[in-house]
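User: Hi! Could you walk me through this protein?
Analyst: Happy to, here it is.
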Amino acid sequence: MLSNDFQLTDLINLEEWQKIQDSFAEVTSVTLRTFSPDGNLLSAASRPNRLCDEILAKASRNIFCTKCLTNVKVEAIKNIKGNLNLKCPFDFNLFVIPIKAVGENIIAYLLLGPVLLEEKKDISDYSKEAEKNGIALDVLKDALATTKTMPLAKVEALVKLIEKVFSYIAQTGYHKKRLGEIVPEVVELDPSFSYYYEKKLLSALLQACISALSADSGSVMIVDKETKTLHIKVASQLDQSVINNTEIEMGEGIAGMAAATAESIILPKDEGKNHLSDKMKRRYINSSLIVPFNKEDARSVYGVINLNITRKDMQFSDRDIQLVK
């Protein structure tokens, strides 16, 4: 029996995790950091907040201010089992987001914030707390001015998105590890094991991309090296008949072009390249993102991720390519 007792560091390259965390923080203008269940910091703070990471950290003699934890009588982060909104005496809110790779085992915590959920108060309202922590009011005022103010509904939506995407990333790492463990011993006896875990891994990858980029549908196509064709391996919001019957030659169609050139495509932005406008069949799609990818240590394209948006108010951008990669 294979163990499920994994840590985030067993499943994920922390440098890649940091890059994705940084991308989310950049897009949303909030501070993010990752902790292990035992309270160790696993990532550098993305968009560090001056008040919590510099001023109050010195006052509390900790890696960052933990007054919000003590105020709700949470002794350690490992005691938090679900999403939690913490509040400090300066009216800052910190959101704790447990990350799970398999079952109910929490392998990490993402901390979002601090953010303000209402308009900033007059600086004089914090004078007593500032004095108690040895913070000058002018310093506190500057720190407050750079802190993100967001409505609660938007923060809650962001928390759900982060939970889904980073859990999918952890799940992808888990299934990749599982696949690596079973291949040497089992795949020759029963190739279905390999097929099952590859499909789970690619499904988690697709769902993470769909969640992160708010796509309406998508698929992952795999290159058949013998026939030089692409077939749909996993999909979301596609008819089963399309999944079963789609076969695209390398260099043909939009996905085939991306696979043959190993270059990402954004539509309609790139429709003028290589006569791509002639290949656009589904005109109801407002924007598409096609990103080729390969396996570790392999140069040739292994497959293509296709993401689609049908809503008229959204389109993919070059930044989205980097996030998918």
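User: How many helices and strands are there?
Analyst: The protein has eleven helices and ten strands; these are DSSP runs numbered from the N terminus, helices being H or I with at least four residues and strands E with at least two. This is a predicted model, so local features need pLDDT of at least 70 and side-chain atom pairs count only at pLDDT 80 or more, while totals for chains, interfaces and linings use all residues. Residues are numbered from 1 along each chain as its sequence is written, and side-chain values use heavy atoms, with hydrogens and water left out.

User: Switching topic: where is K225?
Analyst: K225 lies in the loop between β5 (217-224) and β6 (229-236). K225 is partly exposed, at 40% relative accessible area.

User: And which residues is K225 in contact with, leaving aside neighbours within four places in sequence?
Analyst: S300 and V301, where contact means heavy atoms within 4.5 Å. The K225 side chain makes a polar contact with the side chain of S300 at 3.3 Å, and also reaches the backbone oxygen of V301 at 2.8 Å. A polar contact is a pair of N or O atoms within 3.5 Å; within protein, one must be able to donate a hydrogen and the other to accept it, and residues adjacent in sequence count only if both atoms are side-chain atoms.

Key: Buried < 20%, exposed > 50% of the residue type's maximum accessible area, 1.4 Å probe, protein only.
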